[in-house]
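Subject: Structure handover

Hello,

My notes on it follow below.

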Amino acid sequence: MATPYIGVPVQRREDLRFLTGAGNYTDDLTLPHQTHAVFVRSPHAHARIRSIKLERARAAAGVVGIFTGADVAAAKINGLPCGWLITGNDGKPMNEPAHPILALDTVRHAGDGVAVVIAETLAQARDAAEQVEVDYEVLPAVVDAVAALAPGAPLLHEGAPGNRCYTWDIGDKAGVDAAFARAAHVTTLEFVNNRLIPNAIEPRAVNASYSRADDSYTLYVANQNPHVERLLMCAFVLGLPEHKVRVVAPDVGGGFGSKIYLYAEDVVLTWASRQVNRPIKWTADRSESFLSDAHGRDHHTKAQLALDKDGQFLALRVNTTANLGAYLSTFASAVPTILYATLLAGQYATPVIHCEVTAAFTNTAPVDAYRGAGRPEATYVVERMVETAAREMGIDPAAIRRRNFIRSFPYQTPVALMYDIGDYEATLDRAIELADVAGFATRRSQSQARGKLRGLGYACYIEACGIAPSSVAGALGARAGLFEAGEVRVHPTGKVTVFTGSHSHGQGHETSFAQVVADRLGISMDDVEIVHGDTSKVLFGMGTYGSRSLAVGGTAIIKALDKVVAKGKKIAAHLLEAAETDIEFADGQFKVAGTDRSKAFAEIALTAYVPHNFPHDKLEPGLNENAFYDPSNFTFPAGTYICEVEVDPETGAVNIERFVAVDDFGNIINPMIVEGQVHGGLVQGLGQALNECGVYDSASGQLTTGTFMDYCMPRADDMPSFKVATHGTACTHNPLGVKGCGEAGAIGSPPALMNALTDALGVADFAMPATPQRIWATLQSKQQRKAA
Amino acid sequence: MTVKVSLTVNGKPAAAEVEERTLLVSFIRETLRLTGTHVGCDTAQCGACTIHMDGQAVKSCNILAMQAEGKSITTIEGIASADGTLHPMQEAFRQNHGLQCGFCTPGMVMSAIDMLRHYPHPDEATIRAELDGNLCRCTGYHNIVKAIQAASQASA
Ligand code: FES
Ligand code: FES
């Protein structure tokens with residue numbers, strides 16, 4: 001049997017339940033005797049809590065319990081931990097102020113949790129929450145990271161003087177200075193990478209319960225990594241025995257990073273479920289999601305690229321201020337450092353790079369990883385700089401990229417990473433062809449004839465995925481390993497259940513992982529079930545983020561499958577009375593090499609559970625194996641995106657006329673799913689470039705983009721259809737040769753679009769999001785300048 | 001204050017005593033336990049709650065249960081045939097990978113069915129414009145548009 005599944009666009013098995021309303025998301029669950037929670041949140045960006053009066057709320061109908069920061073403190077519950085310790089360039093650990101699960105005496109962002117009201121019905125909980133009287137002394141707030149670091153800014157935490165979390169750097173500063181001294185050309189730009197609000201369409205949701213029968217807890221939660229959630233909550237916050245806590249992440253309606261983290265609500269409700277001895281359900285309403293989900297991006301960056309007279313890159317110098325929000329979220333400290341500055345080489349052999357990052361606390365929602373996490377910010381810097389340098393020097397933007405591409409692998413970058421393989425020229429060539437760059441000049445003059453402005457922009461991105469080799473991550477400050485676990489349980493009938501520590505919240509693992517398993521074992525996909533998202537079933541897991549599921553989680557499964565096959569060979573050798581070394585396994589058959597004597601996989605499975613004549617000193621019954629896989633390196637997906645836009649100068653409206661994405665994801669298991677991931681990523685990236693921006697009012701600290709009416713989510717009619725293609729170089733260090741595809745679209749598309757837009761407008765730079773109103777204003781003032 | 005609401009849901013009569021302020025979507029999800037209809041926002045912007053009421057697509061988060069008194073409602077659970085054969089729109093979404101996490105999907109499918117009633121053979125621009133009331137964060141819309149196009153051709 002040839003490999004019948006890998007590389008084939010197999011339709012998704014999860015679709016049937018989602019299409020018929022049979023999905024099982026956290027809010028769909030109703031537990032017997034369940035209560036409902038509503039959080040009382042701070043209306044102020046920064047305030048001291050003078051007093052909280054609960055009498056009226058307690059007397060309200062249906063109230064089961066009300067808890068505040070004082071109750072939490074009395075119960076000796078710790079604050080939320082941060083998983084990544086960044087050591088500053090002064091050699092000191094980052095400032096890590098407490099992240100209380102309910103505010104004790106100070107609130108630090110609009111939406112900060114102050115109390116939780118638990119009642120029989122949601123309506124009663126809402127009514128009672130309105131009766132909670134909190135007396136606030138409003139304090140001055142600061143929402144911008146640069147402003148927060150300025151002398152005299154309002155201070156958020158005693159433990160973080162100057163609102164500084166850390167100043168950290170990477171690379172060779174002296175080398176960069178020396179290279180700049182001999183540069184023929186220097187390109188300088190300053191950017192804001194706009195704050196984004198993830199907005200998975202399923203809001204965060206929790207259903208927490210406690211069982212007196214066995215003193216155990218069960219937490220259903222919309223989450224991307226249930227084991228990590230449990231570990232952090234048990235070991236660092238609540239001090240609960242891990243084996244008495246079950247965390248289930250059932251169907252999850254999108255995550256994009258925002259559902260990685262251990263959130264205060266998850267912890268408060270788990271603890272409170274024991275206090276009230278009833279299950280407690282909470283689902284964020286969208287306004288709450290806007291205020292309390294971890295946001296993404298929000299960088300302010302100054303960058304300089306030094307080039308020789310031929311456009312060869314000599315050095316890159318980057319200085320970034322990152323906004324971490326009011327508290328350190330789970331991965332927050334790593335995003336603007338390890339996941340950002342290490343990607344600044346891009347696809348280019350820039351010999352020296354230096355990047356310094358200062359991270360600041362502000363009176364805003366915590367900022368953490370959001371689709372791409374650090375890598376979009378890095379790619380934006382690199383690709384906007386490269387395109388701008390090309391224009392300034394009068395070099396074709398594709399040519400300047402080719403001149404600087406890394407061409408021999410493995411390649412050690414000056415910023416810590418070792419790229420194993422890639423073929424940047426090939427993806428660029430293919431993209432140029434698919435985008436018909438040759439015809440652009442004609443299309444541009446046609447647009448011009450119609451009074452429209454047309455522009456074309458490239459982005460050649462690279463990302464580090466398959467997070468992460470634990471040794472590397474540990475050396476860079478990770479407080480956890482970043483391996484993955486898998487278990488293959490072969491049933492006596494030859495059916496297989498696979499348990500994975502990865503989590504699927506739209507990625508289709510139940511299908512693509514089953515394709516891999518079925519191919520490896522030479523059995524039908526119908527005989528393979530993939531189980532994920534439940535700590536009581538899956539042995540362990542680090543979860544899904546950083547495009548790691550297949551490269552790391554898939555490899556753990558492969559390792560477990562290898563063990564199954566090895567054991568199967570032993571059983572086959574016994575049955576066929578042959579030497580174990582003579583047994584070959586292919587196409588679902590264990591065969592004595594060079595003979596026609598064989599046993600099918602299902603026969604071996606049955607024998608494993610009916611071991612009547614096993615030599616017990618050599619062979620154990622059963623066929624069930626697990627494996628942990630820690631990658632030896634990151635994977636490096638890369639590609640070229642080309643965007644062509646047309647701007648209507650009368651209205652400032654941007655139309656994306658063409659968008660081509662050519663990606664190198666290594667080997668591909670299910671091209672249909674991969675394309676879907678690219679499409680979704682592209683729209684999130686293009687949404688950042690054109691539509692989305694999380695805005696806090698600088699005076700009041702209020703989130704002014706707090707609903708879908710103010711925060712411009714990309715809709716179908718804002719976006720084009722895409723031309724996507726792949727050109728794969730197999731990853732060299734995992735057995736599937738896969739790299740990961742979840743984030744690429746969101747990484748490569750913002751600079752491609754902004755390069756096209758600046759080309760159309762004939763301006764050096766333009767800030768995201770490029771809204772029609774701002775484009776129109778720019779064109780107007782340009783015209784006025786011309787006229788003057 | 002409670003009020004009795006009686007209506008037809010997926011072809012069957014349904015009645016319950018609910019608080020006056022109960023939204024139709026809560027009635028569907030919590031009272032009737034039909035959890036395929038989802039809630040994605042609180043400002044009637046996302047369309048995850050879209051159902052059919054007397055044959056028209058409506059956002060069930062934006063009306064009260066009592067406003068549906070006497071009406072006939074169809075939810076995502078009610079559009080496949082009794083023998084389990086998917087509605088052509090459901091099938092088109094599946095064939096074209098028009099869904100990822102599945103959360104927006106019921107609303108998308110219900111809107112799309114309604115769209116084809118108004119525009120039996122829409123072009124891409126029409127589909128995109130008509131999808132204005134439905135947000136999807138996963139698919140980038142590309143395959144949803146393809147799915148609706150395919151469904152419109154299938155019914156040609
Ligand atoms: S829940 Fe009805 S439109 Fe969002
Ligand atoms: S499929 Fe996830 S929101 Fe549309």
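Rings of Phe, Tyr and Trp (its six-membered ring) count as a pair if their centres lie within 6.5 Å. On that basis A:F313, A:Y348, A:F405, A:F409 and A:Y424 form one aromatic cluster. Please keep in mind that this is a predicted model.

Aromatic pairs

Over all chains, the count of aromatic pairs comes to 22. One of them joins A:Y261 and A:Y263: the ring centres are 6.1 Å apart and the planes stand at 65°, so the pair is edge-to-face, given that angles over 60 degrees count as such. A:Y261 has 1% relative accessibility and counts as buried. A:Y263, at 8%, counts as buried too.

A:F659 and A:F722 make another pair, with centres 5.8 Å apart and planes at 85°, so this pair is edge-to-face as well. A:F659 belongs to strand β27 (residues 653-664) of chain A, while A:F722 is in the loop between α18 (671-690) and β28 (723-726) of chain A; the pair therefore ties together parts that are 63 residues apart in sequence. Both A:F659 and A:F722 are buried.

The sheet around β14

Five strands of chain A form an open sheet with mixed pairing, in the order β7-β15-β14-β13-β8. Its edge strands are β7 (164-171) and β8 (185-193) of chain A, each of which pairs on one side only. From one strand to the next, the twist averages 10°.

β14(A) has β13(A) on one side and β15(A) on the other in that order. Strands β13 (residues 299-307) and β14 (residues 313-323) of chain A are antiparallel, paired over nine bridges. Within this pairing, A:Q304 stands opposite A:R317, and A:L307 stands opposite A:F313. That A:F313 is also a member of the aromatic cluster. The hairpin of β13(A) and β14(A) has five residues between the strands, and A:G311 there takes a positive phi near 90°.

β14(A) and β15(A) run parallel and are joined by nine bridges. A:N319 has A:E356 in β15(A) as its bridge partner. How many of the 11 residues of β14(A) are buried? Nine of them are, and the strand is mostly covered.

Helix α6 (residues 173-181) of chain A lies across β7, β8, β13, β14 and β15 (352-360) of chain A, and runs at about 125° to β14(A).

What does A:R317 form a salt bridge with? The partner is A:D177, with the closest N and O atoms 2.7 Å apart. A:D177 lies in helix α6 of chain A and A:R317 in strand β14 of chain A, so the pair ties together parts that are 140 residues apart in sequence. A:D177 has 34% relative accessibility and counts as partly exposed. A:R317 is partly exposed at 26%. A:R317 also lies over the face of A:F180, at 4.1 Å from the ring centre.

A:R204 lies over the face of A:Y263, at 3.6 Å from the ring centre, and its side chain meets that of A:E265 in a salt bridge (3.0 Å, N to O).

Other salt bridges

The total over all chains is 50 salt bridges. Among them is the one between A:D759 and A:R444, with the closest N and O atoms 3.1 Å apart. A:R444 counts as partly exposed, at 29% relative accessibility.

Finally, a network of salt bridges links A:D436, A:R443, A:R450, A:R454, A:E644, A:E646 and A:E657.

Regards

Technical notes
Residues are numbered from 1 along each chain as its sequence is written. Chains are lettered from A and ligands numbered from 1 in the order in which they are written. This is a predicted model: local features need pLDDT of at least 70, side-chain atom pairs count only at pLDDT 80 or more; totals for chains, interfaces and linings use all residues. Side-chain values use heavy atoms; hydrogens and water are left out. Rings of Phe, Tyr and Trp (its six-membered ring) pair if their centres lie within 6.5 Å; planes under 30 degrees apart count as stacked, over 60 as edge-to-face and the rest as tilted. Buried means under 20% relative accessible area, exposed over 50%, partly exposed in between (1.4 Å probe, protein chains only). Helices (H or I, at least four residues) and strands (E, at least two) are DSSP runs, numbered from the N terminus. A charge sits over a ring if NZ of Lys or CZ of Arg is within 6 Å of the ring centre and within 35 degrees of the ring normal. Two strands pair if DSSP finds at least two bridges between them. Axes are lines fitted to C-alpha atoms, for helices over the stretch in contact, and angles run from 0 to 180 degrees between N-to-C directions. Contact means heavy atoms within 4.5 Å. A salt bridge is a side-chain nitrogen of Lys or Arg within 4 Å of a carboxyl oxygen of Asp or Glu.
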